[in-house]
Amino acid sequence: MRAETIVRNNEEMRRFAGEFLSSLDQSAERATVICLNGELGSGKTTFVKACAKILGVAENVISPTFLILKTFATKHKKYKLLHHIDAYRLISEKELEALGWREMLDDSRNLIFVEWASEVRKIMPEESIELNFKFIDEETRSIEEISPSSSSGW
Ligand SMILES: Nc1ncnc2c1ncn2[C@@H]1O[C@H](COP(=O)(O)OP(=O)(O)OP(=O)(O)O)[C@@H](O)[C@H]1O
Ligand SMILES: [Mg+2]
């Protein structure tokens, strides 16, 4: 499935994040991975912040650029941990694996957002959801969602 949404302000970003979170398949048996791509300043971190807020993350989510991985506890009944990864400065897939990537994927309570996922594409699970951010103008962004189709197991 492909769908494009135009986001013009914070309120629309909150709405998009809320609708996105409610669309997730909560019966998934592995972690839920959301690959975020798009140029610098296109809104990836802003989107993760909006999701964190809705999920009841108490801490302030800032860009993990210098940390690579930051983990937050949520108040959601299924997604207990929100992991925020920024692959911009990762040298390789190996580096992400060294952070415990495989173990993270094995736990269905994990909701994992990966900024610059294109940098580590090879180890992103096939069932990941992709969000592609585009700068339209100073205040407007477009977000294209590409979800694995329900028949992908055929
Ligand atoms: N409609 C909008 N949606 C999202 N962000 C917007 C919008 N309009 C303006 N902005 C601003 O654009 C900036 C987006 O920055 P953000 O850190 O989310 O980008 P990013 O994609 O994470 O970049 P990076 O690749 O550097 O991590 C913020 O300063 C935000 O306030
Ligand atoms: Mg960012």
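A: Helix α2 gives the most to the shell around ligand 1, with 3 residues. Helices (H or I, at least four residues) and strands (E, at least two) are DSSP runs, numbered from the N terminus. This is a predicted model, in which local features need pLDDT of at least 70 and side-chain atom pairs count only at pLDDT 80 or more, while totals for chains, interfaces and linings use all residues. Residues are numbered from 1 along each chain as its sequence is written, and chains are lettered from A and ligands numbered from 1 in the order in which they are written.

Of the 18 residues around ligand 1, those that come nearest are Leu40, Gly43, Lys44, Thr45 and Thr46; a residue is near a molecule or strand if its C-beta atom, placed from the backbone, lies within 6 Å of it. Two or more residues of this shell come from each of α2 (44–54) and β7 (140–146).

Next, the helix itself. The buried residues of α2 are Lys44, Phe47, Val48, Lys49, Ala50, Cys51 and Ala52. Buried means that 20 or more other C-beta atoms, placed from the backbone, lie within 10 Å of the residue's own. The cover over these residues includes α1, β2 (32–37), β3 (69–73), β4 (81–86), β5 (110–115) and β6 (129–137). Just after α2, Gly56 takes a positive phi of about 80°.

Helix α1 (residues 10–22) holds Phe16. Phe16 counts as buried because it has 21 C-beta neighbours inside 10 Å. Leaving aside neighbours within four places in sequence, Phe16 is in contact (C-beta atoms, placed from the backbone, within 7 Å) with Thr5, Val7 and Ile143.

Terms used. A residue is buried if 20 or more other C-beta atoms lie within 10 Å of its own, exposed if 12 or fewer, and partly exposed in between; C-beta atoms are placed from the backbone. Two residues are in contact if their C-beta atoms, placed from the backbone, lie within 7 Å.
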